[in-house]
Amino acid sequence: MDKKKIERAVRDILEAIGENPDREGLQRTPERVAEMYEDILSGTNQQPEEHLEFFSEDEKYEDLIMVKDISFYSICEHHLVPFFGKVHIAYVPKEGRITGFSRLARLVETVARRLQLQERMNKMIADAIVNVLEPLGVLVIVEAEQMCMTMRGIKKTESRTITSAARGVFKEDSAARAEIMNLIKSSR
């Protein structure tokens, strides 16, 4: 990431909106913004699959595994403003090919830490799980607040967008999808 180029661009933006980038409160703003972008966009050049490892369970576990309410934040590629919320991941392993729960959270973080669209984020998470774990099915649901809807444009605060990506048994079986939705709603 070219932090110096980001600093110059932020300085140009400050000038373009009529601010003085040399005034006391703004002197370090270009540097701070460049550091922030380096952090919040750190997943840009990472492959999501890097964070998933599988290990075979001796018992050949083939029942539902679910991690819900994985918090995330990302940056909308259309307006460069945040969107944030929670990701719920459910999968049914095939032949005991499972991964650690924290690996799923790392996967979400890697996919979210780039310029992103919520719909693409869903797809990338589901596809990474399919590519590495080869499960019988996976369902990824993302619930997010899109700041481009709440702080600009239509200005509808507290609106949430929900997207899902289903693969395998969850794509084929509406009852299985409904079971996951009920599990997500429970204990809220």
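To begin with, among contacts between residues at least 6 apart in sequence, what share joins residues at least 24 apart?

Modeller: Happy to! That share is 69% in this chain, a contact being heavy atoms within 4.5 Å. This is a predicted model, where local features need pLDDT of at least 70 and side-chain atom pairs pLDDT 80 or more, while totals for chains, interfaces and linings use all residues. Residues are numbered from 1 along each chain as its sequence is written, and side-chain values use heavy atoms, without hydrogens or water.

The chain holds 7 helices and 7 strands (DSSP runs of H or I, at least four residues, and of E, at least two, numbered from the N terminus). Starting at the N terminus, their order is α-α-β-β-β-β-α-β-α-β-α-β-α-α. The C-alpha trace spans about 65 × 35 × 25 Å along its principal axes. Of the 188 residues, 41% are buried (under 20% relative accessible area; exposed is over 50%, partly exposed in between, with a 1.4 Å probe and protein chains only).

Now to your patch: E62, D63, E95 and E134 form it, and it is negative. One member, E95, sits in the loop between β3 (82–92) and β4 (97–98). With a relative accessible area of 47%, E95 is partly exposed.

Terms used
Patches are made of residues with over 30% relative accessible area and no salt bridge: like charges are joined within 9 Å, nonpolar side chains (Val, Leu, Ile, Met, Phe, Trp, Tyr) within 5 Å. Accessible areas come from the Shrake-Rupley method with a 1.4 Å probe; for residues, only the protein chains shown count as cover. A salt bridge is a side-chain nitrogen of Lys or Arg within 4 Å of a carboxyl oxygen of Asp or Glu. Lys and Arg count as positive and Asp and Glu as negative; His and the chain ends are not counted. The place of a charge is taken as NZ of Lys, CZ of Arg, CG of Asp or CD of Glu.
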